[in-house]
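Dear colleague,

Please find the structure below, together with its sequence. My notes on the packing of its elements and on its charged pairs follow.

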Amino acid sequence: MKFVEFKKGITIPITNEEQDIFRKCSNDGSLDKRKLDEREQEIANQLVIKNMLVRKRVNDSIIYKPQASAKYC
């Protein structure tokens, strides 16, 4: 389990699975929902709820982008 900090002083614990998705999204800049399997989509949605990722609709697809202020502690 890791902790991610966004905004000063606010840390959020994330699981290893969430860490993998967040890292993949951070490295690539964005993730297309169609390229994720069902489990990864659920994890990405959990990260949206935790305000770690942003979900956007671009044309006909949904993409996930990392929240600008989120970073590892």
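**Helices and sheet**

Helix α2 lies across β4 and β5, and its direction makes about 115° with that of β4. Axes here are lines fitted to C-alpha atoms, for helices over the stretch in contact, with angles from 0 to 180 degrees between N-to-C directions. Helices (H or I, at least four residues) and strands (E, at least two) are DSSP runs, numbered from the N terminus.

This is a predicted model, in which local features need pLDDT of at least 70 and side-chain atom pairs count only at pLDDT 80 or more, while totals for chains, interfaces and linings use all residues. Residues are numbered from 1 along each chain as its sequence is written, and side-chain values use heavy atoms, with hydrogens and water left out.

The sheet is open and antiparallel, with three strands in the order β3-β5-β4; two strands pair if DSSP finds at least two bridges between them. Because β3 (31-32) and β4 stand at the edges with a single partner strand each, one side of each has no neighbour in the sheet. Two bridges pair β3 with β5 (residues 61-66) in the antiparallel sense, and L31 has Y64 as its bridge partner in β5. Helix α1 packs on this sheet, touching β3, β4 and β5, and its direction makes about 95° with that of β5. Contact means heavy atoms within 4.5 Å.

Between β4 and β5, which run antiparallel, there are six bridges. L53 stands opposite P66 in β5. The hairpin of these strands has two residues between them, and N59 takes a positive phi near 55° there.

**The helix pair**

The axes of α1 and α2 come within 9 Å and cross at roughly 85°. The two helices are therefore roughly perpendicular to each other, a term that covers angles of 65 to 115 degrees. On the α1 side the contact involves E17, E18, I21, F22 and K24, which meet R39, E40, I43, A44, Q46 and L47 in α2. By class, this contact has five nonpolar, one polar and five charged residues. In this scheme Ala, Val, Leu, Ile, Met, Phe, Trp, Tyr, Cys and Pro count as nonpolar, Asp, Glu, Lys and Arg as charged, and the others, Gly among them, as polar.

**Salt bridges**

Four salt bridges were found in a search of the whole structure, each defined as a side-chain nitrogen of Lys or Arg within 4 Å of a carboxyl oxygen of Asp or Glu. For accessibility, buried means under 20% relative accessible area, exposed over 50%, and partly exposed in between (1.4 Å probe, protein chains only).

One of the salt bridges joins R39 and E17 at 2.7 Å, N to O. This pair links distant parts of the chain, with R39 in α2 (residues 38-49) and E17 in α1 (residues 16-28), 22 residues apart. R39 is partly exposed at 44% relative accessibility, and E17 is partly exposed at 39%.

Another pairs E18 with K50, whose closest N and O atoms are 3.0 Å apart. Because E18 lies in α1 and K50 in the loop between α2 and β4 (53-58), the pair ties together parts that are 32 residues apart in sequence. E18 is buried at 3% relative accessibility, whereas K50 is partly exposed at 25%.

R34 and D32 also form a salt bridge, at 3.4 Å, N to O. Here R34 is exposed, at 65% relative accessibility, and D32 is buried, at 18%.

With kind regards

Terms used: Angles under 35 degrees count as roughly parallel, over 145 as roughly antiparallel, 65 to 115 as roughly perpendicular and the rest as oblique.
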